[in-house]
Amino acid sequence: MKWPFFALLSCVFATFAAGANPPTHSSKNILISDTRDAFERVSALKALLVEVDSRIQAIQKAYELEVAPLKLELEQLRKPGQTGQNQPRKATLLLQIAALQKRASAQQQEIGVANENALAQIDRAVIAIEAELKKERAADAVLRVQDTLYFNAKCPCNITEEIYKRLNARLPKLALSAK
């Protein structure tokens, strides 16, 4: 079984040794982009992350301020020696706490949706910039570095810096909106 393979291999070597040119592939103009560090390199994205964090902290702080007195009162009602007459008040407090939790959760979810929308806006901008660069440089394709096996960052095909330059110019600020 091994012999046919070696026979074929020896024919290939013999052909090239005799001066035949190896088969060539047509040269393609490929551009490579590496946007994996966008969170550090896109100024609008850095500001967006700060805003998201700030809003989430504000929601958490407001929730804690509103729920603290309710929890304190609930603890007082749960102390030994309290009568069963406090059951309606306990139920009311638990419902108020649950409503506050639900509201805070909904607010955080809105911020999450707004954050996803802003990230999608960046993705769309990157795709548009890649298409522009592909057209400007008459390239056949633009690949993401994740789609390659080997990538030399100093290659002239690397369009990463140009992408960040254009992205920062095009999107100096991102709005955090749920729409």
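1. Start with the pocket. T35, R36, A38, F39, L45, L119, I122, D123, V126, R144 and Q146 line the largest pocket in this predicted model. A pocket here is an open set of points on a 1 Å grid over the protein atoms alone, where a 1.4 Å probe fits, with protein on both sides within 12 Å along at least five of seven lines; lining residues have an atom within 4 Å of a point. About 170 Å³ of space lies in the largest pocket, the volume being the space filled by probe spheres set on the points, which are joined across faces, edges and corners. Helices α2 (38-41) and α4 each supply at least two lining residues, and α4 gives the most, with 4.

2. A word on ground rules. Numbering runs from 1 along each chain as its sequence is written, and side-chain values use heavy atoms, with hydrogens and water left out. Since the model is predicted, local features need pLDDT of at least 70 and side-chain atom pairs count only at pLDDT 80 or more, while totals for chains, interfaces and linings use all residues.

3. Overall layout. There are 5 helices and 2 strands, in the order α-β-α-α-α-β-α along the sequence. Helices (H or I, at least four residues) and strands (E, at least two) are DSSP runs, numbered from the N terminus. Of the contacts (heavy atoms within 4.5 Å) with a separation of 6 or more, 78% are between residues 24 or more positions apart. The accessible surface comes to about 12700 Å², with 59% belonging to carbon and sulfur atoms; areas are from the Shrake-Rupley method with a 1.4 Å probe, and for residues only the protein chains shown count as cover. Buried residues make up 26% of the 179, where buried means under 20% relative accessible area, exposed over 50%, and partly exposed in between.

4. Now the core. The largest nonpolar core has 33 residues, and V42, L48, I122, L167 and L174 have the most contacts inside it. The elements giving two or more residues to this core are α3 (43-78), α4 (87-136) and α5 (160-170), and α4 gives the most, with 12. The term covers buried Ala, Val, Leu, Ile, Met, Phe, Trp, Tyr and Cys residues joined through side-chain atoms within 4.5 Å. I122, which also turns up in the pocket lining, touches L45, L167, L171 and L174, leaving aside residues up to four places away in sequence.

5. V52 is worth a click. This residue sits in helix α3 and counts as buried at 12% relative accessibility. V52 touches I111, N115 and L176, again not counting residues up to four places away in sequence. V52 and L176 are 124 residues apart in sequence, yet their C-alpha atoms are 7.9 Å apart in space.

6. Salt bridges. The count comes to 11, taking a side-chain nitrogen of Lys or Arg within 4 Å of a carboxyl oxygen of Asp or Glu. E132 and R170 form one of them, at 2.9 Å, N to O. E132 lies in helix α4 and R170 in helix α5, so the pair ties together parts that are 38 residues apart in sequence. E132 is partly exposed at 27% relative accessibility, and R170 is partly exposed at 38%. Both belong to a salt-bridge network that links E132, E136, E162, R166 and R170.

7. Two other pairs. E51 and R55 meet at 2.9 Å, N to O; they both lie in α3, 4 residues apart, about one turn of the helix. An α-helix has 3.6 residues a turn, so residues three or four places apart point the same way. D34 and R36 also meet, at 2.8 Å, N to O. D34 counts as buried at 16% relative accessibility, whereas R36 is exposed at 56%.

8. Most residues other than glycine have a negative phi. A138 lies in the loop between α4 and β2 (141-144) and counts as exposed, at 57% relative accessibility.

How values were computed
Buried means under 20% relative accessible area, exposed over 50%, partly exposed in between (1.4 Å probe, protein chains only).
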